[in-house]
Amino acid sequence: ATKDVKMKIRCMKPGNYKVTFSFLNEQTAEYVLYRQPLVAQPPDTQGKLEFQSVVREELVKTLTIENPLAKKVEFKEGDIVCDNDQLIIVPRSLAIERESEYNLELRYRPLIAGEKKAKLTVKSLDLGDSVYELLLIGHPSTNQRTMVFQPTPLGTDKTQAFKFIHYFRKPTSYQCKIERVDKKIPIETKDPKKDAKGAGQMTDFSVIQNPFPALPADSSEGIEQSLNILFEPSTLGESKALLTITSPDAGEYQCLLVGQSTSPIPKGPFIIGAKSENIPFKNPFLEAAEFNIKIDNPNFTCGAKSPMKIDARKAIALTVSYKANPAVPSNTGRIIISTGDLPPWIFYLQGQ
């Protein structure tokens with residue numbers, strides 16, 4: 001007579017094995033041996049894991065590693081690796097006691113929106129190698145930051161830092177771009193076509209350093225970066241622009257820039273003695289403009305002719321002299337610079 005016997009064999013590592021099966025008759029003490037060769041093939045994968053997260057937001061999952069052996073199994077750093085550096089493995093080394101299991105922590109933080117495939121490999125001399133297929137999905141961020149500049153008088157500027165967390169673990173650089181989102185024309189010219197063409201191309205904001213270099217992040221928490229933005233208003237009221245910084249490796253960041261311009265503030269007094277003094281002035285507009293220059297005390301004279309045409313965003317120096325005149329006993333005065341219907345720029349003078 002014959003009998004079918006079902007057996008389960010669990011091999012931890014691939015290879016060629018020789019297996020001996022022993023059958024014993026407990027009543028007669030008779031036994032029979034069967035020797036059988038066994039070939040254990042490596043598995044294709046242990047399974048598939050999917051990770052989905054918004055760009056720069058961390059997602060944490062656990063992977064259970066089982067040790068069915070009657071001894072402790074250790075994993076050194078480098079035994080558990082992933083071929084995508086946006087997946088962090090915690091811890092990098094561990095030990096699993098006999099006939100127990102360990103929950104390995106997998107932290108995924110995408111830097112670029114899109115879908116990628118990766119592999120996670122767990123290597124062990126005792127348990128063999130296990131490979132897991134990973135599907136890593138990064139979704140675009142819908143949160144847009146806003147940076148508001150302090151009120152800035154027309155003709156001056158302010159610098160503020162746009163701060164962001166940089167996560168990429170290798171050196172890289174960011175390309176910076178600023179696009180105008182309002183439609184104000186800074187100053188009227190005699191050519192309406194030129195106004196319409198230039199209105200959306202230039203902004204009141206600029207990046208001081210472009211491209212912007214970034215050092216490698218030293219941890220999964222990233223490092224803070226600071227990008228200086230200059231706000232130089234070209235007209236009264238509110239200005240808006242969209243800042244976009246992009247790295248092919250570290251991803252994209254966006255921020256809405258909002259600036260508020262106020263009337264020019266008086267400056268001085270400038271002390272004018274025996275020698276002439278230079279008083280700085282700058283055309284704040286995005287196009288060339290004509291400025292009327294007036295001094296309210298004839299004891300002071302200016303070398304510049306009025307009206308004076310100054311190119312866009314160009315800085316000049318007004319040379320001012322003082323000569324006392326008994327007919328005009330006052331030694332104080334003002335330079336008043338005006339254009340269009342905007343409030344004037346006023347510079348206080350004092351002769352000696």
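## Arg 334 and Asp 296

Arg 334 pairs up with Asp 296 in a salt bridge, with 2.8 Å between the closest N and O atoms (a salt bridge is a side-chain nitrogen of Lys or Arg within 4 Å of a carboxyl oxygen of Asp or Glu). Arg 334 sits in strand β27 and Asp 296 in the loop between β23 and β24, so the pair ties together parts 38 residues apart in sequence (strands are DSSP runs of E, at least two residues; helices are runs of H or I, at least four; both are numbered from the N terminus).

This is a predicted model: local features need pLDDT of at least 70 and side-chain atom pairs pLDDT 80 or more, while totals for chains, interfaces and linings use all residues. Residues are numbered from 1 along each chain as its sequence is written, and side-chain values use heavy atoms, leaving out hydrogens and water.

## A salt-bridge network

The structure has nine salt bridges, and Asp 204, Glu 232, Lys 282 and Arg 313 are linked in a network of them. Lys 282 meets Glu 232 at 2.7 Å, N to O; Lys 282 is in strand β22 and Glu 232 in the loop between β18 and β19, 50 residues apart.

Asp 204 bridges to Arg 313 at 3.5 Å. Asp 204 is buried at 4% relative accessible area, whereas Arg 313 is partly exposed at 23% (buried is under 20%, exposed over 50%, partly exposed in between, with a 1.4 Å probe and protein chains only).

## The core

The largest nonpolar core has 24 residues, and Leu 257 is one of those with the most contacts inside it (a core is a set of buried Ala, Val, Leu, Ile, Met, Phe, Trp, Tyr and Cys residues joined through side-chain atoms within 4.5 Å).
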